[in-house]
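Student: Please take me closely through a single part of this structure, together with the setting in which it is found.

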Amino acid sequence: MAKTVKDAILRGRKTVESVVEEGRKKVETVVEEGRKKVEGVVEGGLDTVDAVVEAGLNTVETVVVKGRRTVENAVSLGRRTVESALLGRSTMQAAVLHGREDVRIEEVPIPKAEAGELIVRVGAALTCGTDLKVFRRGYHARMIVPPALFGHELAGTVVEAGEGVSDFAPGDRVVALNSAPCGQCYYCQRDQENLCDDLLFNNGAYAEFIKIPARIVAKNTLKVPEGVPLEHAALTEPLACAVHGFEDSLPRVGDIVAVIGGGPLGLMILHVAALAGYQTIALVRHEGQAEAARLLGATHIVQNPSVRKAIEETRALTPGDRGVDIAIEAVGVPEAWQEAMELVRKGGTVNFFGGCAKNTHVTLDTNRIHYSDITMRATFHHTPAICRKALTLIASGRFQAGAFITGHAHLYELNRVFEKLMNRSTEAEIKTAIVP
Ligand SMILES: [Zn+2]
Ligand SMILES: [Zn+2]
């Protein structure tokens with residue numbers, strides 16, 4: 001089958017090349033003829049020259065335009081041939097989650113697009129802390145119940161558009177988000193779409209193809225700008241969470257922002273704050289995380305295994321040890337939530353960004369919360385508007401997307417990749433791009 005695809009691509013390329021070559025020859029002939037005519041008439045006077053040049057230019061333009069159209073048709077034909085070769089198959093390789101630490105690469109049917117849906121050939125699917133949690137626990141109450149296709153950060157190329165889809169066509173490079181809000185409920189009506197009562201999730205990025213449900217096509221699928229690699233575009237989802245968390249922390253010019261946690265999201269929030277021009281303090285564990293934080297613009301790094309000392313060190317970096325203006329917790333354990341409360345100055349903001357396990361509780365100093373007038377937020381997920389912001393930031397070139405993708409692996413290596421991520425201790429691994 002791979003051979004047929006390759007043949008189709010080769011045939012397509014040859015057709016395109018010969019058309020381009022023919023077009024070039026035609027242009028050259030016309031230019032040459034024009035030049036000869038011009039030379040012949042030069043003695044006859046400048047007016048005549050102008051007229052001939054004008055006529056020549058018109059002819060050249062016509063030929064170029066015609067040539068381009070022919071080339072475009074040939075490319076489109078080639079693409080269609082490749083696509084039909086791919087879709088001629090009925091099954092694909094995909095990761096199926098069966099339970100705790102049980103993901104199998106299986107041959108499953110290639111999905112077909114119903115009305116409003118898209119089928120996307122996955123270009124890159126990124127590993128994510130949430131997937132790692134799901135791998136460990138074997139399920140995710142809101143997002144995925146096994147047996148199920150798995151993976152949610154992806155970008156790829158549309159191969160099939162269902163009836164009624166007008167915004168996308170085969171060949172479009174897209175990033176399809178992992179969820180879309182209903183737009184109808186109380187929360188959606190109040191611009192809190194991240195809390196939608198009927199948030200629709202989509203999984204199945206660790207596969208050759210993925211079906212994008214109609215609601216996500218309509219609300220949360222974005223075209224990837226030219227020049228942006230698909231694996232960078234796939235960062236849109238986590239980056240949207242990071243941008244949301246940062247903006248939700250109500251930053252004000254001149255603020256010092258501390259971020260607890262050197263995981264992918266902690267580093268992203270840190271980078272977003274640094275890019276926005278804020279002073280940042282990264283509280284991390286490992287040397288690899290410290291290095292990454294430095295690279296992503298951290299003003300200071302605090303890397304102390306003692307929570308007490310890390311708090312003191314962080315406060316010492318602020319005028320009069322008063323504490324940071326904003327403390328964002330991006331670890332997801334109660335101890336880190338409590339630590340965040342102690343980093344912040346009076347009147348500051350704490351964002352409990354990291355989700356803790358079910359049924360965990362924290363004890364907080366009520367006096368400090370009240371008399372120091374602490375604002376507490378806890379940002380969850382993203383909204384369609386913020387997803388668009390995130391992709392714009394990636395496309396701007398300012399965001400160091402490449403720094404977040406520290407490895408590449410084939411789909412069949414997925415288990416090994418997760419096992420490695422579970423045992424991550426000192427390594428500087430952030431995300432692995434799974435390329436099917
Ligand atoms: Zn994710
Ligand atoms: Zn809703």
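Tutor: Two strands pair if DSSP finds at least two bridges between them; strands (E, at least two residues) and helices (H or I, at least four) are DSSP runs, numbered from the N terminus. Residues are numbered from 1 along each chain as its sequence is written, while chains are lettered from A and ligands numbered from 1 in the order written. The model is predicted: local features need pLDDT of at least 70, side-chain atom pairs count only at pLDDT 80 or more, and totals for chains, interfaces and linings use all residues.

Strand β1 (residues 91-99) runs antiparallel to β2 and is joined to it by eight bridges, with Ala94 opposite Glu106 of β2. The open sheet has three strands in the order β2-β1-β4; β2 (102-109) and β4 (148-149) are its edge strands, each pairing on one side only.

Helix α8 (residues 264-275) spans 16 Å between its first and last C-alpha, close to the expected 16 Å (1.5 Å times one less than its number of residues). Ten of its twelve residues are buried (20 or more other C-beta atoms within 10 Å of their own), including Leu267, Ile269 and His271. After α8 comes Gly277, with a positive phi near 90°.

Ile269 and Val120 have the most contacts inside the largest nonpolar core, of 109 residues (buried Ala, Val, Leu, Ile, Met, Phe, Trp, Tyr and Cys joined through C-beta atoms within 7 Å). Domain 2 (91-237 + 384-435) and domain 3 (250-377) both contribute residues, so this core lies between them; the bounds come from an automatic or database assignment.
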